[in-house]
Amino acid sequence: MCSANAPTPRRWDGTFARSPRSRSLRVDADSPTRLVRSAQPGRCPDCGNRVDWHPRTDGDGRRVGLHPQELPAAAVPALSRWHVSSGIAHPAHDGTPWCRIPHTALCPARSAPAALTPQLTTLRRHLALHTRRLINNGTLTAPAAPPSERTEPCRPARPIAHLLGVHYIAGHPIGAIQCVAQTRQRRRCTRPVLDDQAPHGTWTLAPTTLVNHRSRPGETMAVYDLTHLPYTEQMRWRHQHCAGHAASSAADLALTEWEPFDARLHHQHIHQRLPRGGRKQHDGA
């Protein structure tokens with residue numbers, strides 16, 4: 001009688017030929033970061049084209065958006081050449097015939113750099129056509145002029161927050177800061193960091209601080225103060241996790257958007273009036 005089970009396939013030397021089981025990306029327990037570095041794709045908010053976001057070795061911890069495809073190094077100016085190693089972007093050429101280029105050098109929503117090679121000009125034109133197609137299809141909305149501080153002082157677009165003894169500037173309004181953790185569906189969590197069931201920060205006026213922690217005499221700025229919260233809550237905000245992922249071991253699918261605040265670099269985001277005109281508020285408006 002024939003066996004109901006099919007025979008196990010073997011290799012030429014008689015060993016069992018078993019196909020390896022697929023495994024999902026995992027973060028090692030002693031890893032210095034919870035970020036899954038191979039899963040940071042995104043789209044430019046100005047032109048809608050694809051961008052690969054990578055942590056960088058220079059600067060103050062900010063991430064850099066690179067064009068998702070490699071380009072011949074001869075077609076890219078030397079100052080615009082980047083290479084990626086182990087998920088980290090390095091602002092230099094590694095000696096190979098290929099390199100990466102920042103998306104800002106190709107973004108059709110920005111002014112074209114003065115020195116563009118013919119190949120980069122063609123690629124920029126291709127991205128511009130894709131942007132026009134997205135606008136015509138209603139997928140992308142043409143960016144409007146940013147509102148002035150006088151017309152909308154109640155909701156800073158990039159608020160300044162004080163947590164863990166450091167002033168940071170956020171990439172979105174307080175209520176729109178999104179969790180960066182990975183869900184069970186292997187997608188980025190859509191919940192905000194601000195939680196109605198958790199203690200909130202307080203809007204207050206603080207002296208305008210410089211990088212060396214000195215203050216400008218007589219100048220104040222609106223700050224979302226979180227220093228009165230427990231240490232675990234401040235760490236949750238710093239890691240940009242929602243309340244559901246506060247104690248979770250899930251990996252991060254995006255970099256946190258906090259940047260160390262610098263009064264010289266971020267002077268256009270300094271607001272000298274509190275949101276909604278109140279002296280102190282405990283919400284994230």
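1. In this note, two residues are said to be in contact when their heavy atoms lie within 4.5 Å. With that understood, what covers the buried residues of helix α1 includes strand β4 (71–72). The coordinates under review are those of a predicted model, and the points below should be read with that in mind.

2. Taking the chain as a whole, I count 2 helices and 12 strands, which, read along the sequence, follow the pattern β-β-β-β-β-β-β-α-β-β-β-β-α-β. Of its 285 residues, 38% count as buried. Among the contacts with a separation of 6 or more, 58% are accounted for by residues 24 or more positions apart.

3. Helix α1 has 19 residues, and the distance of 27 Å from its first C-alpha to its last is close to the 27 Å expected at 1.5 Å a residue. Its buried residues are L120, L123, R124, L127, T131 and L134. Seen down the axis of α1, these residues fall within an arc of 100°, and they therefore line one face of the helix. The face turned away from that buried side carries the exposed residues P118, H126, L129 and N136. Just after α1, G138 takes a positive phi of about 80°.

4. Within α1 (residues 118–136), T122 deserves a separate look. T122 counts as partly exposed because its relative accessible area is 47%, a value that lies between the limits of 20% for buried and 50% for exposed. The side chain of T122 reaches the backbone oxygen of P118 at 3.0 Å, and P118 is itself one of the exposed residues on the face of α1 turned away from the buried side. T122 and L106, which are 16 residues apart in sequence, are 9.9 Å apart in space when taken from C-alpha to C-alpha.

5. Strand β1 pairs with β2 (residues 50–55) in the antiparallel sense over 3 bridges, and D52 in β2 is the bridge partner of P41.

6. Strands β8 (residues 160–163) and β9 (residues 166–169) pair in the antiparallel sense over 4 bridges, and they form a hairpin with 2 residues between them. In the turn, L164 has a positive phi of about 55°. The bridge partner of A161 in β9 is Y168, and Y168 also stands opposite P260 in β12. Strand β9 pairs with β12 as well, again in the antiparallel sense, over 2 bridges.

7. The loop between α2 (231–239) and β12 (259–260) contains H245. Is H245 buried or exposed? H245 counts as buried because its relative accessibility is 13%, which is under the 20% limit. Leaving aside its neighbours within four places in sequence, H245 is in contact with C179, A181, Q182, C189 and A250.

Note on methods:
Residues are numbered from 1 along each chain as its sequence is written. This is a predicted model: local features need pLDDT of at least 70, side-chain atom pairs count only at pLDDT 80 or more; totals for chains, interfaces and linings use all residues. Side-chain values use heavy atoms; hydrogens and water are left out. Buried means under 20% relative accessible area, exposed over 50%, partly exposed in between (1.4 Å probe, protein chains only). Two strands pair if DSSP finds at least two bridges between them. A polar contact is a pair of N or O atoms within 3.5 Å; within protein, one must be able to donate a hydrogen and the other to accept it, and residues adjacent in sequence count only if both atoms are side-chain atoms. The expected span of a helix is 1.5 Å times one less than its number of residues. The arc is that of the directions from the helix axis to the C-beta atoms.
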